[in-house]
Amino acid sequence: MTAAPLIRPPRLRPGDRVAVVAPSGPLVPERLDGGLDLLRGWDLDPVAAPHVRGSHDTLRYLAAPDEDRARDLQEAWCDPSVKAVFAARGGYDAQRMVDLLDWSALRAAAPKPLIGFSDVTVLHEAFAVRAGVATLHGPAIAGEAFLKDDATREGLRRMLFAPESVRTVVSSSARPLVPGRARGVTLGGCLTMLATELGTPHARPGAAGGLLLLEDVGEPPYRIDRALTQLLRAGLLEGVAGIVLGSWARCGPYERVREVLRDRLGGLGVPVAEEFGFGHGDSALTLPLGVRAELDATAGTLTFDAPPLT
């Protein structure tokens with residue numbers, strides 16, 4: 001199966017009501033408050049889901065029990081007054097709740113932007129495969145990049161409110177690991193989450209025809225090697241059109257990481273851009289998933305065939 005473009009949600013407009021959910025780990029309350037204030041500064045009306053400020057009674061790495069986190073996301077998505085759903089943070093573990101969602105109801109609801117990264121990769125994949133909706137790989141609103149970095153916020157704001165202004169995303173830090181150009185539909189996210197999705201009942205069958213985005217955090221080079229090798233052995237990378245590599249924060253010296261990336265991906269015969277500037281870095285680009293684009297690995301650009309939101 002070749003990756004195909006997905007349904008593009010509508011853009012946001014001033015005054016829109018938006019929901020903030022915690023599908024994975026618990027939050028620092030002050031960071032959540034700061035993120036909500038920034039959304040209000042965009043003339044949005046952000047509403048925190050009921051369990052965003054919660055925690056699991058025994059599993060302290062979860063924001064709330066699985067059923068509660070799933071209910072928050074489903075109610076936000078199915079509420080016609082909510083025009084976008086923001087993840088407050090990543091962490092662990094959207095995998096525990098994704099199969100508790102009513103996917104028939106989610107498919108029946110009007111599409112809207114879903115914004116997040118890291119553990120939210122599980123939801124990006126699920127909305128792509130099970131609902132056919134394009135999503136945004138972008139900063140968490142209670143995360144440091146969104147709270148502290150002007151460029152991160154402005155990139156997301158423009159993507160949400162003026163998507164025609166970001167038909168081409170230019171990365172000032174990118175360089176070619178393998179030079180060249182490629183066309184395909186964007187997909188991907190956190191490497192570890194993509195690897196752990198393999199073999200699950202609704203996993204994506206492959207990345208053929210896709211421009212695969214990959215990044216991660218806190219994984220030493222041998223574990224990056226292991227995850228990439230798993231993708232290769234599972235056949236996920238067969239027919240991939242090109243690869244876009246983001247940040248590898250706290251993964252060790254980048255030259256050691258780069259050796260692994262070159263070894264595992266350099267022989268695929270497709271363009272590969274590295275250090276593209278999305279993911280867990282201090283500053284992070286917002287990149288749409290599920291839209292057709294052209295990658296120029298040499299120039300460090302992604303150009304979308306149409307605005308990422310309608």
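Strand 8 (residues 181–190) and strand 13 (residues 292–296) run antiparallel and are joined by five bridges; strands here are DSSP runs (E, at least two residues), helices likewise (H or I, at least four), numbered from the N terminus. Two strands count as paired if DSSP finds at least two bridges between them. Val 185 has Arg 292 of strand 13 as its bridge partner. Strand 8 is also joined to strand 9 (residues 210–217), by six bridges, and these two run parallel. There, Gly 189 is partnered with Leu 214.

This is a predicted model, in which local features need pLDDT of at least 70 and side-chain atom pairs pLDDT 80 or more, while totals for chains, interfaces and linings use all residues. Residues are numbered from 1 along each chain as its sequence is written, and side-chain values use heavy atoms, without hydrogens and water.

Eight of the ten residues of strand 8 are buried, so the strand is largely enclosed by the rest of the structure. Buried means under 20% relative accessible area, exposed over 50%, and partly exposed in between (1.4 Å probe, protein chains only).

The model has 23 salt bridges, each a side-chain nitrogen of Lys or Arg within 4 Å of a carboxyl oxygen of Asp or Glu. Three of them are listed here.

| Pair | Closest N to O |
|---|---|
| Asp 37 and Arg 40 | 2.7 Å |
| Glu 275 and Arg 175 | 2.9 Å |

Asp 37 and Arg 40 both lie in helix 1 (residues 29–41), three residues apart. Arg 130 is buried at 15% relative accessibility, whereas Asp 99 is partly exposed at 47%. Arg 175 and Glu 275 also belong to a salt-bridge network with Glu 255, Arg 258 and Glu 274.
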